[in-house]
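Open the structure in a viewer and keep the selection panel at hand. The stops below say what to select and what is there.

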Amino acid sequence: MKLGELVERIEGSLEGDTELEISGIAGLVEAVAGELSFFSNPKYASSLAETKASAVIVAEDWEGSSPCAVIRVKSPDKAMAMAGYAFEPSCHPLADPGIDVASSVHEDACLDASVSVGPFCVVRPGAVIGPRTVLVSGCYVGSDAVIGSDCVLHANSVVRERVVLGNRVILHEGAVVGGEGFGNYLENGVWQKIPHIGTVEIGDDAEIGVNSTVDRARFGKTVIGQGVKIDNLVMVGHNVQVGDHTVMAAQAGIAGSATIGSHVAIGGQAGLAGHLHVGDTARVGAQAGVTKNITEGVYVTGYPAIPHDKAAKGHANLMRLQKWKEKVKLLEKKLAALEQEKS
Amino acid sequence: MKLGELVERIEGSLEGDTELEISGIAGLVEAVAGELSFFSNPKYASSLAETKASAVIVAEDWEGSSPCAVIRVKSPDKAMAMAGYAFEPSCHPLADPGIDVASSVHEDACLDASVSVGPFCVVRPGAVIGPRTVLVSGCYVGSDAVIGSDCVLHANSVVRERVVLGNRVILHEGAVVGGEGFGNYLENGVWQKIPHIGTVEIGDDAEIGVNSTVDRARFGKTVIGQGVKIDNLVMVGHNVQVGDHTVMAAQAGIAGSATIGSHVAIGGQAGLAGHLHVGDTARVGAQAGVTKNITEGVYVTGYPAIPHDKAAKGHANLMRLQKWKEKVKLLEKKLAALEQEKS
Amino acid sequence: MKLGELVERIEGSLEGDTELEISGIAGLVEAVAGELSFFSNPKYASSLAETKASAVIVAEDWEGSSPCAVIRVKSPDKAMAMAGYAFEPSCHPLADPGIDVASSVHEDACLDASVSVGPFCVVRPGAVIGPRTVLVSGCYVGSDAVIGSDCVLHANSVVRERVVLGNRVILHEGAVVGGEGFGNYLENGVWQKIPHIGTVEIGDDAEIGVNSTVDRARFGKTVIGQGVKIDNLVMVGHNVQVGDHTVMAAQAGIAGSATIGSHVAIGGQAGLAGHLHVGDTARVGAQAGVTKNITEGVYVTGYPAIPHDKAAKGHANLMRLQKWKEKVKLLEKKLAALEQEKS
């Protein structure tokens with residue numbers, strides 16, 4: 001692809017030769033001649049200076065010098081995404097169109113004619129699947145599940161009975177939506193299973209990461225809002241409500257019946273106790289252990305999670321304790337001397 | 001279902017109209033007219049006052065007023081479970097009876113005539129599967145594995161060779177029992193695999209959550225006791241022994257050769273080091289990092305995990321350090337003044 | 001097997017009867033007459049004294065007494081591994097040779113004649129699979145993926161398009177290599193997906209544990225070095241580079257673009273932030289939360305992770321705070337008394 005064409009596609013302004021041939025995309029360090037790279041994290045300034053890339057995407061207002069052609073854009077992240085699609089129009093391992101003969105689609109399921117079902121997928125009676133949705137392979141769609149249009153169910157992902165997915169939802173490999181919630185009650189010292197007869201509803205444009213799990217509700221429904229992005233190996237418990245455009249990094253866990261606001265960011269390996277509320281736009285640090293409600297907009301870290309400035313101050317104080325112990329010892333000594341003199 | 005019939009099924013006593021028609025179950029907030037709800041967590045008292053439900057399950061000795069019919073029961077949890085089964089008799093996505101033609105069951109496997117094997121399941125030679133057990137779809141049962149009666153293997157769950165499951169065991173989607181233990185030894189700077197030739201034994205009524213893993217023993221067996229309930233994304237290492245009726249919340253991890261007592265409760269994301277012992281009825285808090293044995297009945301939290309009251313006091317002290325620093329500074333000042341006067 | 005033959009196979013020196021018949025391997029406590037056991041952890045000395053095993057493997061220079069025959073070896077771990085293979089020559093659930101009729105192998109894939117493909121596996125066009133590699137069942141191999149010789153892909157494991165595996169690589173059940181990286185950018189308050197058009201490269205002899213995930217790179221490649229051993233439920237983010245012979249225990253997580261050196265050891269449930277560097281032979285304690293670069297050879301623990309001796313001292317100081325509070329109170333009292341006297 002000519003650099004000029006690429007610049008047009010990503011809506012940038014070029015300082016360089018439109019006729020350059022661009023063969024691919026690479027990091028600043030790895031790029032070779034003919035490749036496009038990008039620069040946004042100041043941490044990598046020295047890598048920019050030494051890059052072998054032929055062109056680099058930078059922010060509109062970037063001031064600096066580059067050893068290669070420069071493409072200024074409003075949002076480098078967006079521009080890189082668009083460049084990615086330019087080189088690899090589909091990022092999904094599309095199954096062949098139609099229903100693979102080696103699949104098990106029940107005659108009472110209702111699939112749009114444009115649906116693609118790969119090998120070894122199971123679709124149970126009453127399931128409804130919308131236009132252009134792709135089941136890659138080994139997927140399971142339970143009875144009466146409803147899946148919107150343009151969804152992608154990657155290999156071995158599971159949608160249990162009665163679960164509802166919106167449009168453009170992506171389930172990554174091994175993701176399980178609608179597994180039974182974890183709930184038991186004790187009877188004479190023996191745990192008895194609580195049936196979870198509710199379901200899960202997932203909004204448009206949401207993504208559930210590889211091997212992540214979203215449990216069905218005890219009754220009613222577990223809700224994942226629109227545009228929610230969930231990374232790999234995340235656990236969302238039964239009856240949890242997640243607001244629109246919230247993100248969760250890998251291995252985070254939300255216990256049952258918690259309600260999470262919109263535009264919340266939850267860090268990797270963070271854990272949230274059940275039945276609590278997290279306000280809109282709040283942030284939970286990686287590995288934080290949240291035991292109480294979090295107010296809108298607040299950033300918490302640590303265990304138990306508290307506002308980050310407090311947690312950081314607490315840790316700093318902890319690290320200085322040795323010094324304070326010595327101060328106290330000195331005080332004891334001086335005071336003893338004074339008392340000695342008195343007597 | 002008439003309210004009177006429901007009350008009989010859940011063994012409650014009704015204050016209200018037996019002829020009311022009940023159409024389903026919902027939370028206090030979500031319920032509409034005609035639905036049953038329940039109240040046990042005092043936190044939700046205001047929701048009860050405003051519920052639109054037509055009937056609500058409460059504890060026998062509950063004192064309060066309700067805007068709708070009241071069903072008093074000994075155990076609200078049990079009553080709700082029974083009500084759940086009343087509306088949804090089977091909570092499992094039953095495969096059709098018999099062996100699906102699109103499955104791969106070896107002729108040298110021994111399946112009871114009442115076993116149900118869904119599509120794309122693999123059963124290897126020598127495997128034995130007891131009455132009424134269901135393999136939903138995409139399951140793998142290794143050679144010489146023994147699976148009891150009335151078990152459910154959900155989609156894509158795996159039972160490796162020689163593993164033994166008791167009766168009424170449930171493996172949720174993607175759960176893997178009998179994967180190879182993690183063990184390697186260094187030889188000239190290179191890790192060499194230690195073969196794990198042991199197996200796993202899972203007791204009656206145990207449940208293994210979605211995408212959870214229980215590794216096989218190096219030799220001998222990893223043991224999960226009767227009635228053990230394991231949530232999603234939990235890791236149980238090789239040679240671990242888990243006592244009866246112990247519960248583990250999501251994303252907990254137990255390293256190799258630990259022995260866990262009976263009726264222990266392990267919180268979400270908690271981690272236990274290898275080769276340690278946890279006494280009966282002990283509790284491990286969410287995210288706790290257990291590095292030493294835990295005595296019977298003790299509740300530990302934090303990292304490294306210590307008895308909870310100590311951990312809580314430690315944290316409280318940490319939060320008050322700023323105040324103590326100021327006290328010490330004041331002491332220094334006063335003492336300096338006294339010393340000054342002396343000289 | 002005669003004890004003499006076994007001793008030869010594991011290259012040990014025997015103090016005992018070569019004619020003893022050995023039927024299997026077991027732990028010191030569980031072993032019965034006729035079984036082999038081993039002793040290396042001094043913690044289990046009393047178990048050795050009481051073992052019913054007929055022979056026990058010990059280190060060459062072990063001094064002590066044993067109730068049964070003794071086999072001295074240079075490396076007990078290696079000897080036990082060799083003994084394991086002696087009793088169970090293959091530790092893998094081998095699929096039958098050849099390509100199972102119930103699999104979906106594209107005609108444009110290139111498989112060596114010695115490859116074994118079990119039932120319900122999918123191999124997409126352009127994929128290349130080397131000699132003696134085994135796909136157990138339900139595996140997915142994406143288009144243009146390249147898999148070396150003597151690999152084992154356990155049940156339901158996934159290799160996405162263009163991913164490259166070396167030789168003797170093992171993917172355990174449900175492991176997913178090449179899932180899409182987690183990356184999004186905000187546009188008018190809505191998260192937009194960043195395509196990940198890169199790939200993953202896995203070195204010879206590496207193992208990826210049950211249900212673990214290694215994401216593909218945004219561009220370029222995520223790299224897992226030679227001999228890297230990854231336990232269950234581990235998350236390796238996009239563009240991460242892991243050096244040779246590094247090990248990661250269960251449920252550890254590495255965020256995007258981190259670079260991990262060689263011979264690093266990462267404990268269970270540890271988390272590493274993105275874009276940081278861990279030097280060769282460094283150690284990260286279980287549950288540690290790494291937020292900064294780690295120097296070669298350093299051992300860090302806690303959150304935020306710091307060198308272990310500092311972290312341990314910090315914790316010890318925290319536990320002694322109560323004592324120091326009392327000291328300060330006493331100082332205040334004494335000083336007040338002195339001041340009182342003055343006036």
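Select chains A and B: 53 residues of chain B are in contact with 53 residues of chain A, contact meaning that C-beta atoms, placed from the backbone, lie within 7 Å. This is a predicted model, in which local features need pLDDT of at least 70 and side-chain atom pairs count only at pLDDT 80 or more, while totals for chains, interfaces and linings use all residues. Residues are numbered from 1 along each chain as its sequence is written, and chains are lettered from A in the order in which they are written.

On the side of chain B that touches chain A, colour helices H3 (76–87), H4 (308–319) and H5 (321–342) of chain B, the elements that give two or more residues. Helices here are DSSP runs (H or I, at least four residues), numbered from the N terminus. H5(B) gives the largest share, 9 residues.

Next, select residues 321–342 in chains A and C. The axes of these two H5 helices come within 10 Å and cross at roughly 30°; axes are lines fitted to C-alpha atoms over the stretch in contact, with angles from 0 to 180 degrees between N-to-C directions. H5(A) and H5(C) are therefore roughly parallel (angles under 35 degrees). Among the residues that meet are Val328(A) and Leu331(A) in H5(A), and Trp324(C) and Leu335(C) in H5(C).

Last, select Val159(B). Beyond four places away in sequence, Val159(B) touches residues including Tyr140(B), Ile147(B), Leu165(B) and Val177(B).

Terms used
Angles under 35 degrees count as roughly parallel, over 145 as roughly antiparallel, 65 to 115 as roughly perpendicular and the rest as oblique. Two residues are in contact if their C-beta atoms, placed from the backbone, lie within 7 Å.
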